[in-house]
Amino acid sequence: METNCRYDLGAATDWSPEQLRALIREARNVVVVGHQHADGDAVGSVSAMAGVLGHFAHVTPMLPDGVPDDLHWFPGSEAILDGNGDADRCRQAIAEADLIVAVDMNGFDRAGCLTGMLFASKAHRLLVDHHEMPVSSQFDAVVSDPEISSACELVYWLASALFGADAIDRDIATCLYAGICTDTGTFAYSNTHPSLYLAAADLVTRGIDPMYINRRIKNVFPVNRMRFFGYAVSKLMTVYLPQQVALLVMTREDMDRFGVDSSEMTGLINEVMRLRDIDCGVLIREEADGVRLSFRSKERYDVNVLARELFAGGGHVRAAGATSHLSLEETVVKVKQRLQLEP
């Protein structure tokens, strides 16, 4: 039986704490960047990392699409630049940076409109991530562990190991706890090593309000979003019991009918996974720039492999995503063929 469940940072990096501290403290201008289509873990880890590193340098946090409307309550989120709306400021900050810290993504290819700027930068590069298959060749230093629950949990252990308890104040703790909750389904998903609960317990001691955070994450549906979820589950979902698979396929017209957008799809795939006899859920939705897919599973399916093999996507064994540049119809056919579903 394991007796020491604190997280060993050595499991995530070949760099010593001394080397990582030196890399960070030598920087004067730092960019912290997360992935496109940001979720709570991305917003939380970007905000928290910017807060931690702000003790040592001038930090510019940014996200390719900015902060989703329902996550603007995260402390520090107001400082996060939008890669589209603040393109010039992002370009200048990246050009002037001597350190770029990428969080919650395994490589710059997930940085959307910021990708080209990041690749062109001559700054040192640090990756802090929990996804499968980090693209280590893009970075000078890598702190990556797909066995850990979230980027926010990894930021917690990294900040604690490098700079001690004082590096995490109440606002940073709020961001980290909220990001952990969104990526673990409030401690319900599979990546729940005992170290997760130690991290969460310590964050609570920083004066955060877990009940407030839980309300802001879960109880945020406007009427049209709730109605759309009901419509989607009742009219757009097909269940294949022999394969234990449920597909939920939606067009732009479906979403426009209820006045919802892609940022409001968060949580819909989890409703599918509430079905008792379903092991794999796939949400396929039509967007202006492609077809987005969200994969979830319980035990039988490795959806990280599915996403990667089908559309060069990826993520985790139980939760993954991808983008298809085929038509919606062609995408659905390809998914059905791979999962051996009826025509």
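The structure is a predicted model, in which local features need pLDDT of at least 70, side-chain atom pairs count only at pLDDT 80 or more, and totals for chains, interfaces and linings use all residues. Residues are numbered from 1 along each chain as its sequence is written, and side-chain values use heavy atoms, with hydrogens and water left out.

**Nonpolar cores**

- In soluble globular proteins, nonpolar side chains tend to be buried together.
- A nonpolar core is a set of buried Ala, Val, Leu, Ile, Met, Phe, Trp, Tyr and Cys residues joined through side-chain atoms within 4.5 Å; buried means under 20% relative accessible area, exposed over 50%, and partly exposed in between (1.4 Å probe, protein chains only).
- The largest nonpolar core holds 59 residues, and Val101, Leu126 and Val128 have the most contacts inside it.
- Helix α5 (residues 151-163) gives this core its largest share, nine residues; helices (H or I, at least four residues) and strands (E, at least two) are DSSP runs, numbered from the N terminus.
- A second, separate core has 22 residues, including Cys280, Leu310, Ala320 and Val332.

**Helix α3**

- Cys90, Ala93 and Ile94 are the buried residues of α3.
- They lie on the same side of α3 because they cover an arc of only 95 degrees around the axis, taken from the directions from the helix axis to the C-beta atoms.
- Asp88 and Ala95 are exposed residues on the face of α3 turned away from its buried side.
- The cover over the buried residues of α3 includes β1, β2, β3 (81-82), β4 (99-103) and α4 (115-120), where contact means heavy atoms within 4.5 Å.
- Glutamine 92 is also in helix α3, and counts as partly exposed because its relative accessibility is 48%.

**Second largest pocket**

- The lining of the second largest pocket has 14 residues, and His58, Val59, Thr60, Arg89 and Ala93 lie nearest the pocket's centre.
- β1 (29-33), β2 (58-63) and α3 (87-96) each supply at least two residues of this lining.
- A pocket is, on a 1 Å grid over the protein atoms alone, an open set of points where a 1.4 Å probe fits, with protein on both sides within 12 Å along at least five of seven lines; lining residues have an atom within 4 Å of a point.

**Threonine 331**

- Threonine 331 sits in helix α13 (residues 328-339) and counts as buried because its relative accessibility is 0%.
- Leaving out residues up to four places away in sequence, threonine 331 touches Ile284, Val291, Leu293, Phe311, Ser324 and Leu326.
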